[in-house]
Amino acid sequence: MNEEQNNQKSVEEYKKEYTQRLINRANKKFAEKKTEPVPEQKSFIEKAKSFASSVASRGLSNNKSSQETKQLRILSCHGDNTEALPPCGSRRNSSKYEGSFYCGACGCGDKKGTQLVNLTVNGEEQYCKLDYPKVSCPLKMPGFTDYVPDSEQSHNSRKKEIENRHGVVYITEHSNPK
Ligand code: SF4
């Protein structure tokens, strides 16, 4: 084999490897897309009912979810800065409140009362979405009133991670307050 043939071979190999890399990347993207959890789409009436239920649970005396429930919701929305539990893909940066977030999947928008963190306004800590004793999540994540355990059909790796840490029984108990 002369030098030219050798060079020719390495170009062919390079092309083959490059093509294989493109295929692997496309497969990876497809797999990620397939397992990405899909938020539930509610009708206008269902959203109104859900909001009314949250407001009723808050009552006139600003009732709040328990610490355990809120902690589960914090993990569900914000994660914990680890690779296994990054922030929820539906979490959005607030454009109105610096450093705050809102849920981009529930349709409530970026408002003071829908923030996923407790804002401080004029030195006073504000009530946030995660404080409502009853509040739903489009992905039915741990801590939310409509929590549903992960399953083969609705594989959600973030939900699974929280379930592995706390157990479905504990999560169910703290997601559906009486
Ligand atoms: S409420 Fe649910 S869907 Fe929305 S950011 Fe939190 S975990 Fe994600």
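Is Lys140 buried or exposed, and how many other C-beta atoms lie within 10 Å?

**View 1. Lys140 in the loop between β4 and α4 of the predicted model.** In this predicted model, Lys140 is buried, with 21 other C-beta atoms within 10 Å, because a residue counts as buried if 20 or more other C-beta atoms lie within that distance of its own. Lys140 also has a positive phi of about 55°, although it is not a glycine, and it is found in the loop that runs between β4 and α4 (157-166).

**View 2. Asn122 in the loop between β3 and β4.** Asn122, placed between β3 (120-121) and β4 (124-125), has a phi near 50°, which is a positive value in a residue other than glycine. Asn122 is exposed, with 5 other C-beta atoms within 10 Å, since the limit for an exposed residue is 12 or fewer.

**View 3. The packing of helix α3 against helix α5.** Helix α3 (residues 67-78) and helix α5 (residues 168-175) pack at an angle of about 110°, with their axes 9 Å apart, so that α3 is roughly perpendicular to α5. The crossing of the two helices is left-handed, and the contact is made by Glu68, Thr69 and Leu72 on the α3 side and by Ile171, His174 and Ser175 on the α5 side. By class, the residues of this contact divide into two nonpolar, three polar and one charged.

**View 4. The residues around the ligand.** Of the 13 residues around the ligand, Cys77, Cys88, Ser90, Cys103 and Cys137 come nearest. The shell comprises 10 nonpolar, two polar and one charged residues.

Terms used:
Residues are numbered from 1 along each chain as its sequence is written. This is a predicted model: local features need pLDDT of at least 70, side-chain atom pairs count only at pLDDT 80 or more; totals for chains, interfaces and linings use all residues. A residue is near a molecule or strand if its C-beta atom, placed from the backbone, lies within 6 Å of it. Ala, Val, Leu, Ile, Met, Phe, Trp, Tyr, Cys and Pro count as nonpolar, Asp, Glu, Lys and Arg as charged, and the others, Gly among them, as polar. Axes are lines fitted to C-alpha atoms, for helices over the stretch in contact, and angles run from 0 to 180 degrees between N-to-C directions. Helices (H or I, at least four residues) and strands (E, at least two) are DSSP runs, numbered from the N terminus. Angles under 35 degrees count as roughly parallel, over 145 as roughly antiparallel, 65 to 115 as roughly perpendicular and the rest as oblique. A crossing is left-handed if the near helix is turned anticlockwise from the far one by less than a right angle, and right-handed if clockwise. Two residues are in contact if their C-beta atoms, placed from the backbone, lie within 7 Å.
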